[in-house]
Number of protein chains: 2
Amino acid sequence: MSDILTVKPLTRQDFAPYGDVLEMEGAEVKLINGGTTERFHALSQAEIHGDGKAGISIFRGQPRRFPYVVEMMERHPLGSQSFYPLSERPWLVIVADDDNGRPGRPKVFSATGLQGVNYRPNIWHHPLMALCEPTSFIVVDRVGSGINLEESTYPSAYRIEPQEQT
Amino acid sequence: MSDILTVKPLTRQDFAPYGDVLEMEGAEVKLINGGTTERFHALSQAEIHGDGKAGISIFRGQPRRFPYVVEMMERHPLGSQSFYPLSERPWLVIVADDDNGRPGRPKVFSATGLQGVNYRPNIWHHPLMALCEPTSFIVVDRVGSGINLEESTYPSAYRIEPQEQT
């Protein structure tokens, strides 16, 4: 019997301790290019430590099946990592507070297909969770030397029940 | 009678003098997250000069109408600027070589909805050219102090004829 996690809608307020939500709604807008373009400005910034640079990649994630068992989390000590979906499909964002160098209880957020996130450096998060179909995301994260990945397995797993959308 | 520009498909090879093409096709792929995710790795990197950071924004561009008259170009001396479409709609990319501090003859590339670009710092380019419908793009460019925009008007304009897709 694993511990069942609740899923909450992703909001800037709830996600603030872990990073930024990337979404047009509620963002600062500038009209540029002679009025032809709205710039939803600097929804987040890449934080890059050491000799790295902000790389731009695409991740294509296979959909997860539910009930889903959360067994581990990861974090990137040397840089932030952002994800924004390239189709308007919903996805899941899972983060945790740090508890003496290990991830605490996971917090699960349901993101719409018009929401991305930028995890701050060293924030525990679950690997990419696409739903229903293979989904591509544009990713901005650190490219450079040094060890930028730490993984941690939970002593006992958590479970996410099937959602309406899954 | 304005000078008519030809439109070529966007390829890495043709675009190389101006920056990177962001596309999954032909990119280095790493299998990560226990095999659930393909990482099309570091399609480009943000180049940020001075005290700036790589900001993540969304631009929503109104579609251009054709025949389109190219009257001006712009460039960003302090940082690269990348665009990737958030829907799979085609768009246009226009760049120019520098000619003694002014943009030379425009080169027009037709990008698919699965292609983005990253303009290098100081590369002359036309403001965002969405086609057909308002289209959103995720943008990575410099956020910071200093003047990072230079614009230049052509002494005589160029014209892009209506395309099949427009």
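Contact means heavy atoms within 4.5 Å. The exercises below use this term for a predicted model.

**Exercise 1. The relation of the two chains**

Task: Determine what rotation superposes chain B on chain A, and what relation this is.

Solution. 
Step 1. Chain B is superposed on chain A by a rotation of 180 degrees, with 0.0 Å of shift along the axis and an RMSD of 0.0 Å.
Step 2. Such a relation is that of a two-fold axis.
Step 3. In chain B, B:Leu86 has the C-alpha nearest the axis, at 2.5 Å.
Step 4. Both copies use the same surface, since 100% of the contact residues of chain B recur in chain A.

**Exercise 2. The interface**

Task: Describe the contact between chain B and chain A by its residues, its buried area and its polar links.

Solution. 
Step 1. Chain B gives 41 residues to the contact, and chain A gives 41 residues.
Step 2. About 3600 Å² is buried between the chains, with 55% of this area from carbon and sulfur atoms.
Step 3. Of the area that chain B buries against chain A, 19% is supplied by B:Ile56, B:Ile58 and B:Arg60, more than by any other three residues.
Step 4. The interface holds six salt bridges and 22 residue pairs in polar contact.
Step 5. On the side of chain B that touches chain A, at least two residues come from each of β5, β6, β8 (81-85) and β16.
Step 6. One salt bridge joins B:Asp141 to A:Arg39, with the closest N and O atoms 2.8 Å apart.

**Exercise 3. A:Asn118**

Task: Decide whether A:Asn118 is buried or exposed, and identify which backbone nitrogens lie close to its side chain.

Solution. 
Step 1. A:Asn118 belongs to strand β13 (residues 116-119) of chain A.
Step 2. Buried means under 20% relative accessible area. A:Asn118 has 3% relative accessibility and therefore counts as buried.
Step 3. A polar atom of the A:Asn118 side chain lies 3.3 Å from the backbone nitrogen of A:Gln81, and this side chain reaches the backbone nitrogen of A:Ser82 at 3.2 Å.
Step 4. Residues that A:Asn118 touches include A:Phe15, A:Tyr18 and B:Ile56.

**Exercise 4. Salt bridges within chain A**

Task: Explain what parts of chain A are tied together by the salt bridge of A:Arg105 and A:Asp3, then examine that of A:Glu150 and A:Arg75.

Solution. 
Step 1. Side chains of opposite charge can pair when their charged atoms come close.
Step 2. A:Arg105 and A:Asp3 form a salt bridge, at 2.5 Å from N to O. A:Arg105 is in the loop between β11 (102-103) and β12 (107-111) and A:Asp3 in strand β1 (residues 3-4), so the pair ties together parts 102 residues apart in sequence.
Step 3. A:Glu150 and A:Arg75 form a salt bridge at 2.9 Å, N to O. This pair links strand β17 (residues 150-160) with strand β7 (residues 68-75), the two residues being 75 residues apart.
Step 4. A:Arg75 is buried at 9% relative accessibility, whereas A:Glu150 is partly exposed at 29%.
Step 5. A network of salt bridges links A:Arg75, A:Asp98 and A:Glu150.

How values were computed:
Residues numbered from 1 in each chain as written. Chains lettered and ligands numbered in written order. Predicted model: local features only at pLDDT ≥ 70, side-chain atom pairs only at ≥ 80, totals over all residues. Heavy atoms only, no water. Least-squares fit on C-alpha atoms with pLDDT ≥ 70 in both. Buried area = accessible area lost by both parts, 1.4 Å probe. Salt bridge = Lys/Arg side-chain N within 4 Å of Asp/Glu carboxyl O. Polar contact = N/O pair within 3.5 Å; in protein donor to acceptor, adjacent residues only side chain to side chain. Helix = DSSP H or I, 4+ residues; strand = E, 2+ residues; numbered from the N terminus. Buried < 20%, exposed > 50% of the residue type's maximum accessible area, 1.4 Å probe, protein only. Lists of a residue's contacts leave out its neighbours within four places in sequence.
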